Every structure is written in C-alpha cells, then in structure tokens.
Amino acid sequence: MMHTLALAHRCLSRTAPSLYRANASPVTTAATTSTSIAILPRHSHRHYSCKISHPTKLAQLRAKLRTFGQGHIELDLNHSPGLALLTLSNPGKHNALTGKMMAELADCVDFLEEATNATSPSAASVTSMALGSAESDSTQLPQLHPESGLVLKSAGKPVAKLDQEHAEILKGLVGIIVTGADQKSYCAGLDLAAAKTTLLTPQAGAEMSALMVSNLTRFMRLPILTIAAIEKAAIGGGAEMTTFCDHRCLADNAKVQFVQTQMGVVTGWGGASRLLNIVSRSQALRLLASAEPIQGGQEAIDSGFAQATAPKGHAVEAATEYMQQYVWEKRPSTHGDESQGARRCVDAVRAMKRIVSFGLDYEGIERVSELEKDLFKQLWGGPDNLARVEAASSKRKKSQP
C-alpha cells in the first residue's frame with residue numbers, strides 16, 4: 001500500500017512538478033498522502049474548455065458571436081490537387097477576426113470534421129457498426145450550418161451546392177493552406193473596432209476565448225496537414241492563429257508578433273500552449289513576454305518557427321509548393337495533367353497525421369489553455385487593457401489619411 005502511494009506521489013510530481021511541489025505539503029504517511037493530492041491547484045481538476053465538454057454552451061456562444069462584426073471565412077476545396085485554401089477575409093481591417101468570423105471558423109471545422117469522417121474508410125466502418133448496417137454511405141456530403149456565412153469555393157469559383165464532384169475532391173484532401181485575403185496581413189488579431197461595444201468585457205472575453213480555443217484545438221486534431229501562409233503581419237491573436245497549423249511559411253516581409261503584453265492581456269486563444277510545442281521554452285518566453293517579433297526569412301526557419309519562406313506576395317504559392325510532398329509520390333511532369341503523376345495514399349497520409357497528433361501532450365496543452373483562458377478573463381476588459389485598446393485605436397485613427 002505504501003509502495004503504491006509513493007508511486008502515485010512520484011507520478012504526480014513528474015506530471016505537474018511545479019504545481020504539485022508548490023502547493024502540497026511534504027508527505028510521509030498514507031493519511032497525509034491523500035490530503036496532498038486533494039489540494040492540487042484548481043486547474044488540475046477542472047473541465048478544460050477545449051475538451052468541448054459542454055457543446056450546447058459552445059453552440060450558444062457561436063450563435064451569439066455570429067451577430068458581431070463583418071468579414072467572412074472562405075474555404076476553397078480545390079485550390080490545388082489534394083489541397084484546400086482557407087482564407088481569413090476582412091481586408092479592410094488587415095483580416096482581423098470578428099465574432100462573425102469566429103463563428104464561421106467553427107462552422108468550417110464542423111464541415112471538415114464531417115468531411116474527413118465521411119470520406120475515411122475506417123470512420124465509415126465504425127459508423128456502419130454503430131448503426132448496425134452492413135454498409136455505410138461514405139460519399140455522404142457534409143452539411144453547413146444553416147445560418148453560416150462560410151463561403152465555399154472550388155478552384156476559385158463559388159459553390160452554390162455541393163455535389164458528387166465535390167465529394168470526390170474531399171476524398172482526396174490531405175492538406176489545407178491558411179492565409180489572409182488580398183495579400184493583406186495574415187491576421188491582425190481581434191477586430192477592435194467591431195469589439196469595442198460588444199466584446200471588451202471580462203465575460204465576453206471568456207466566451208470568445210472558449211470558442212476560439214475549441215475551434216483551433218479541433219482544427220489541430222483534424223487528420224489533414226496544415227500550413228499558415230503569412231504575408232505582412234500576424235499580430236496578437238493573429239500570431240496565435242499561426243500556431244494551430246503544422247507548418248508555417250513566412251514571406252520575406254512578414255512579421256509574427258505576440259503583442260498581448262503591450263495590450264495588457266495574455267494569449268486568450270490557446271497560442272501560448274501551442275507555441276511551447278513549436279519553439280523552446282526560453283524562445284517562447286521571449287516571444288510572449290517581451291513581444292519580440294519573428295521576422296520573415298532564414299531567421300524564422302533557424303528558430304524552428306517556420307519551415308518555408310517566400311518572396312513578398314508569394315506566401316501562398318510557396319506554401320502550396322511545400323505541401324506537394326504530402327500530395328505526390330511522383331509529381332506530374334506536365335502541369336495540370338494528374339495522369340502523369342502518382343498520388344500518395346490519402347488514407348495513409350491522414351493516418352500519419354492522426355498518429356502524430358495523438359503523440360502530442362494534449363493534457364498539457366489543455367491544462368495550459370485553461371490557465372490562459374482564466375488569466376485572459378481576469379485581464380481582458382480591465383482598466384489597463386481598456387486604456388491600451390483606446391490608445392491603440394487613437395493611434396490608428398491618426399495614421400489614417
């Protein structure tokens with residue numbers, strides 16, 4: 001018995017050393033061991049927001065945020081063979097996110113989850129067993145939320161209604177490129193102009209944080225490889241929006257900067273927890289606490305943050321080129337003639353993404369994300385944050401012609 005308790009004590013010390021040792025008293029007997037476990041910090045016992053343990057509440061938050069602001073999300077299913085293009089479109093505000101766009105991002109994740117489950121043989125067989133049927137319709141088309149403003153395209157053309165051709169495209173999807181519209185900034189974080197009257201309160205901040213952490217964590221878990229194609233700037237929440245992707249491609253003139261401390265807050269969309277899986281702890285501290293920018297070019301690759309660079313204005317093209325390694329075993333010698341090439345096995349590529357995703361320490365990510373959310377709520381909409389938001393808004397107005 002004592003051996004088992006001692007083993008539990010060692011396991012807890014390894015899994016959360018700083019939390020456990022800072023809050024628990026030394027234990028020497030069975031009677032005190034159970035007490036020390038019970039007084040672990042509250043974050044270790046809570047339901048994490050990104051586990052989506054209350055989907056009804058998140059659906060309500062999505063409906064609420066859908067009414068705030070302009071802009072939209074675009075998803076081109078056939079940007080290139082095997083690759084989709086997700087575009088954050090609010091170019092007048094440097095592609096900053098509004099509540100409406102956050103809701104549409106959730107719609108997009110719903111769509112992709114349904115698409116990858118519907119087109120996966122393993123998922124289809126599980127569905128078949130669950131329904132007790134001998135066969136499952138693996139070509140069933142995913143459905144969009146009826147109130148969604150998500151814009152679907154195929155090869156650059158709007159899609160009014162999904163058909164069997166689109167189902168075949170989705171079957172071959174292995175990667176998604178994420179970028180900002182019109183070669184403007186990748187994303188300037190939250191659209192403060194749209195948020196000033198609706199989202200600048202601690203409660204609104206907590207709700208926004210819960211939905212965005214859920215969106216980006218679910219996106220990370222998709223069996224599809226992703227790359228952020230970054231032009232100009234990814235600032236604040238926009239910097240956090242680069243961290244859910246598997247890869248990053250920075251244009252030479254691009255800059256990624258976590259400016260949250262300059263706004264009197266912390267990362268609220270789970271960016272810090274994901275950054276710790278991209279760069280070292282000391283690098284993460286510099287980037288997060290001092291707002292040190294990541295510049296485009298070789299420096300971004302050397303730091304491990306980026307995997308590709310591009311000339312100014314060509315981040316999407318470079319990202320598309322980088323992702324070809326996941327699409328083709330042998331690339332076609334003639335552009336546009338797929339018959340001359342050999343595609344990789346889509347199911348195998350997706351399965352590899354599932355394996356790598358499963359290997360991530362999601363418990364750690366979720367624990368840190370929950371702490372981020374709580375600290376964000378404490379600071380967001382506070383006096384210092386509001387003063388800094390107002391100063392930033394005034395500076396922006398003065399710089400406009």
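A residue is called buried when its relative accessible area is under 20%, exposed when that area is over 50%, and partly exposed in between. With a relative accessible area of 11%, Arg-66 therefore counts as buried, and Asp-107 is likewise buried, at 2%. The structure is a predicted model, and the values that follow are computed from it.

**Salt bridges**

The model holds 16 salt bridges when a side-chain nitrogen of Lys or Arg has to lie within 4 Å of a carboxyl oxygen of Asp or Glu. In one of these, the side chains of Arg-66 and Asp-107 meet with an N to O distance of 2.8 Å. Because Arg-66 sits in the loop between α4 (55–65) and β1 (72–80) while Asp-107 belongs to helix α5, this pair ties together parts that are 41 residues apart in sequence.

A salt bridge also links Glu-366 and Arg-221, whose closest N and O atoms are 2.6 Å apart. Glu-366 lies in helix α16 (residues 362–379) and Arg-221 in helix α9 (residues 202–221), so the parts tied together here are 145 residues apart in sequence. Glu-366 is buried, with a relative accessible area of 3%, whereas Arg-221 is partly exposed, at 36%.

For Arg-331 and Glu-321, which form a salt bridge as well, the closest N and O atoms are 2.6 Å apart. Arg-331 is placed in the loop between β12 (328–330) and β13 (342–343) and Glu-321 in helix α14 (residues 315–327), so the pair connects parts that are 10 residues apart in sequence. Both partners are partly exposed, Arg-331 with a relative accessible area of 42% and Glu-321 with 45%. Elsewhere, salt bridges with shared partners join Arg-62, Arg-66, Asp-107, Asp-110, Glu-113 and Arg-218 into one network.

| Salt bridge | Closest N to O distance |
|---|---|
| Glu-366 and Arg-221 | 2.6 Å |
| Arg-331 and Glu-321 | 2.6 Å |

**Helix α9**

Helix α9 has 20 residues and spans 28 Å from its first C-alpha to its last, close to the 28 Å expected at 1.5 Å a residue. Because 17 of its 20 residues are buried, α9 is largely enclosed by the rest of the structure.

**Backbone angles in two loops**

Although it is not a glycine, His-94 has a positive phi of about 55°; it is found in the loop between β2 (83–89) and α5 (99–118). His-94 counts as partly exposed, at 45% relative accessibility. Lys-232, also not a glycine, has a positive phi of about 55° and is placed in the loop between β6 (225–230) and β7 (233–235). At 37% relative accessibility, Lys-232 counts as partly exposed.

**Confidence**

The mean pLDDT of the protein is 82, and 78% of its residues reach 70 or more. Over residues 1–53, however, pLDDT stays under 50, and the model has 57 contacts beyond four places in sequence for this stretch. The pLDDT is also below 50 over residues 122–138, a stretch that has 12 contacts in the model beyond near neighbours in sequence. Where pLDDT is low, the predicted coordinates should not be read in detail.

Conventions. Residues numbered from 1 in each chain as written. Predicted model: local features only at pLDDT ≥ 70, side-chain atom pairs only at ≥ 80, totals over all residues. Heavy atoms only, no water. Helix = DSSP H or I, 4+ residues; strand = E, 2+ residues; numbered from the N terminus. Buried < 20%, exposed > 50% of the residue type's maximum accessible area, 1.4 Å probe, protein only. pLDDT = per-residue confidence, 0-100. Contact = heavy atoms within 4.5 Å. Expected span 1.5 Å × (residues − 1).
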